[in-house]
Amino acid sequence: MLARPSTRRNFLRSGVQVVAGMGAFVSALKPLADFDVDTLGGVEGFLQKHYKEMSADDMKASLARIESDVKRRFDVDVVARDIKPVDGVEFVYALNLSRCVGCRKCVHACVQENNQSRSPEIQYIRVLEMPKGTLDIEKGNHHYDRPTVPDEDHFYMPIQCHQCDDPPCTKVCPVEATWTEPDGITVVDYDWCIGCRYCEAACPYWARRFNFAEPTIPKEELIAKKDAAEAKGEQLEVNYLSNRPRPVGVVEKCTFCLHRTREGKMPACLEVCPVGARKFGNILDSTSEVAQILKTKRVFVLKEELGTNPRFFYYFDERYPQDSSQKSFEGMPGMPEITRTHGASKGEPK
Amino acid sequence: MREYTRFLQRCFRLSFVGTKLYKFWMLFLSVVALIGLNAWAKQAVGGLATTGMTDQVSWGLYIANFTFLVGMAAAAVMLVIPVYVYKNKDLHDLVIFGELLAVAAVTMCLMFIMADMGRPDRGLHLFMRFNWPISVLTWDVIVLNGYLALNLHICGYLIWCAYNERKPGKAFYIPFVFLAIFWAFSIHTVTAFLYSGLGGRPFWNSAVLAPRFLASAFAAGPAFLVLTLLVINRFTKYDVPRAALQTLRGIITVALTINMFLLGCEVFTEFYTDSTHAASAHYLFEGLGGKHALVPWIWTAIALNTFALVVLYSPFKRRVVFYAPACGAMIVGIWIEKGMGLIVPGFIPTPLGEVFEYVPTLNETLVCFGIWAAGLLLFTILVRVTIPVLSGELTKNKLYSTDSFS
Amino acid sequence: MHQTVLTAVFLALAGWFLVGSGPADIPLAERNVVTLEMVQPTTLRTPLGPNPTIIVGGVKKTCQTCHEIWDSGVRQNKSLVQHLDTWLSHGENDNCLSCHNREDRGMLSDREGNPIPFGDSAALCSQCHGPTWRDWQSGAHGRTNGYWDKSKGEQVRQQCVACHDPHHPAFPQLETFPAPNTLRQITDEHAGDHVLEGPIGRFREVIRSEREAKAEANAKEAAAKRAALDAKYKELGIERGEK
């Protein structure tokens, strides 16, 4: 119809054009040859149901997939579990701003515990160095790099997920990939998240992180962890909703170490806090440490005006500043000398 | 049905037919689109780390373009309302171009969303656990796809009727036209609500955001149509009535004025109050903490929009040499103001006060150009096919014969 | 003619895709290496248990071994031969025997002179530090390790001396762990310190200058003290600085 007679040559030429165009189209997709199909999780992974819809058998199969996925990616044997919330427990965190010295040990203990990507670096806790005299976090410094802390003119304010009772992040999720569990912990189903990052935009505490690239954890670090666990007669465990290694392209966040805390342990950030500024427990138990703190201390929550009702409280206590006269003891016998052993040390980017 | 496939086939073939200029334009768009596709393939392999986005600025060029294009799509109603509500005759035949623009723009929006998703392979999850009505994003999914369907139906039906040399049955499209009017407002309002509903982002958390979105959309969208119509007028036999261009000019002038006024309202509220919530505005207009990547952009946008406004209120507006550049300036100005000037500063500083800048990467920019090229390719083809059909040159029984398939 | 151009352009493009264009750049910030050993939940100090011992010349001795022979005075009167690593900076409490039992050096002492075993020092500290003791009892002060749910495992309430050295109880400066270095962050692009405005800013200026003056005086004092000590050490022929 449209091809006119006597245009056979034209037609052939058009054909060549079309073939060239198709060729260009196909070769434009050439980078996809390097695509790691395993990140898609296979057919079973693709068909896996939402966390809340999985039967016990579905979960078993899913955990087995996690174990083989970790084996494939990191060549380490782990045991995957799905630890459920405990009835009558609602977790609350309290942080003593008078005591925190800003050493950032919690930040890195968290990374170890929860198997975050080391490169690109993902951390759940940010510690702000705040000038004394203000509580406006915009005046805080995230990147202070003093050899030692604390600095006399500053106090320190660690911020992580506040596990809100009325979380802005879960309500914006278009696919219900994130929700709040009965024990108050907001979790993400890493196998359900579509990576739109709307929750990241919605969180007023900047508590969510996105896996912009395939997360990397050096194998040696996982093996060191496994050895440490085995030395205690345990296996290296990972948990579905918390510290299993994440896939690329999904959001993750602090879960109050639910794999530890649901079994009665303290979160990793609290365990390592050298000054005891971090307090954790069950708010429904009036004898718990956090209940005592809420009873006796003056507490406040960050950005209370947003109505998010966090499960994370800051508190202060009576405190005299360090007596400056002790400075004259510097260099005296027995005065601990502080040399920096880490922080300055940087490995090769992976 | 056979007739319909034949119709599509003819349209497809027709899209390859045209003048040398047309072909080079199409070649240019195809090349850019393919480069974009290539860049997207690289992104699919490397992850979104290939973009300039970070946890600090977690949305960038993709969502900026998405926001702007939702506005372009919504602007189709600015042609529909005068025709169907106020019975404006000049614009009657041009409505379809607005709707074709809407189709192309929504398609681009969807492509930008796909490019922005960390796991596009999990798109099906939307159908399995759709968090409606709680998540505003689900509303956006509904209104955008609904709007695409509505416009496809209206244009498709009108073109199909013209092709079959038949008068369109009013019942088959008039109700949809009125639904589309309502719907167009909804797509941009819902898109504004995506941002303005977030209490943790004071820069967006403003009731004036939705009106601003609508005003800027109703300026930039018709401005784009004016440019399209000028091109159609110049390069095809289709005669665009001058009165139509004048009507559009009126619409653009009012919309741009309102947009500038609302921007002024925002600026006043932020800077006169000067609370800590004005940090993003400070970053945008004058820089914050020694960082000021966006400052030249927003002032360029304001200069372009002011230039357009001055032209539109001056006697020069009647001359195409001024009118067309004013339209172009306004499109670019609003693109900056609504994209880079609204989405990005919403993230700076972060909710924890960190001033962290966003700089798009080359790969990400190429993806954006690719999507724009693909969208313009689609729009060009749609316009290319529609003109001969509407003018009766290509119908069921008549072969469009001004050119051959070569 | 233009068909050829079209074909050529497409083929050139295809060629570039296949050969010329490499993978997209992913700029990653340098990694700060922090290993598992660096983040162990150890306490700052290891407090002494009951009946502390000391190795002298390869032989294990108790405190009393020496102190039965040498009794020290009531005021702070540190020997220059023993306890070189002990220096006292405990506010007004500058008396060894405020806390150490005079009769049995293997014990601590409350203010009436009654013995308190090492390992139970909280009972001693609480005599002066009432509010802190109260907070420690309720859990608001001090470290709690192990299990929050005591029915599932052991909960360890760390003693005062697990963190505070009773001789100079102020918490020491700690080493800072690496600052965040997230995607695309370049370490030298640090956000600077904010200068506070308004009254608090002016107040900070006042205390800053006061502190500078004090630091200068302190430095002078410390230098003088050290010089005096050095002279004394030299006189006695003792190498200093050993623990």
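**V149(A) stands opposite L174(C) in β7(C).** The model is a predicted one, in which local features need pLDDT of at least 70 and side-chain atom pairs count only at pLDDT 80 or more, while totals for chains, interfaces and linings use all residues. Residues are numbered from 1 along each chain as its sequence is written, and chains are lettered from A and ligands numbered from 1 in the order in which they are written. Strand β4 of chain A, residues 148-149, is joined to β7(C) by 2 bridges, and the two run antiparallel. Strands (E, at least two residues) and helices (H or I, at least four residues) are DSSP runs numbered from the N terminus, and two strands pair if DSSP finds at least two bridges between them.

**Chain C meets chain A through 79 residues of chain C and 89 residues of chain A.** Contact here requires that the C-beta atoms of two residues, placed from the backbone, lie within 7 Å. On the side of chain C that touches chain A, at least two residues each come from α1 (2-20), α4 (130-138), β5 (144-146), β7 (174-175) and α5 (198-236) of chain C. The element that gives the most to this side is α5(C), with 10 residues. By residue class, this side of chain C divides into 40 nonpolar, 23 polar and 16 charged residues, where Ala, Val, Leu, Ile, Met, Phe, Trp, Tyr, Cys and Pro count as nonpolar, Asp, Glu, Lys and Arg as charged, and the others, Gly among them, as polar.

**Chain A touches chain B with 58 residues, which are in contact with 50 residues of chain B.** Among the elements of chain A that touch chain B, α1 (8-28), β3 (126-131), α5 (168-172), α6 (198-202) and β8 (208-210) each supply at least two residues. The largest share, 6 residues, comes from α1(A). This side of chain A divides into 37 nonpolar, 9 polar and 12 charged residues.

**Helix α2 of chain B (residues 20-46) and α1(C) have axes that come within 11 Å and cross at roughly 10°.** The axes are lines fitted to C-alpha atoms, for helices over the stretch in contact, and angles run from 0 to 180 degrees between N-to-C directions. The helices α2(B) and α1(C) are therefore roughly parallel to each other, a term used for angles under 35 degrees, with over 145 counted as roughly antiparallel, 65 to 115 as roughly perpendicular and the rest as oblique. From α2(B), the residues K20(B), K23(B), L27(B), V31(B), L34(B) and N38(B) meet H2(C), L6(C), V9(C), L13(C) and F17(C) in α1(C). The residues of this helix contact divide into 7 nonpolar, 2 polar and 2 charged.

**An open sheet of chain A is formed by 4 strands in the order β11-β2-β13-β12, with mixed pairing.** Its edge strands, each pairing on one side only, are β11 (278-282) and β12 (299-300) of chain A. Strand β2 of chain A (residues 91-96) pairs with β11(A) in the antiparallel sense over 5 bridges; F91(A) stands opposite N282(A), and L95(A) stands opposite R278(A). Helix α10 of chain A (residues 289-296) lies across β2, β11, β12 and β13 (312-315) of chain A, running at about 110° to β11(A). Strand β11(A) is mostly covered, with 5 of its 5 residues buried; a residue is buried if 20 or more other C-beta atoms, placed from the backbone, lie within 10 Å of its own, exposed if 12 or fewer do, and partly exposed in between.
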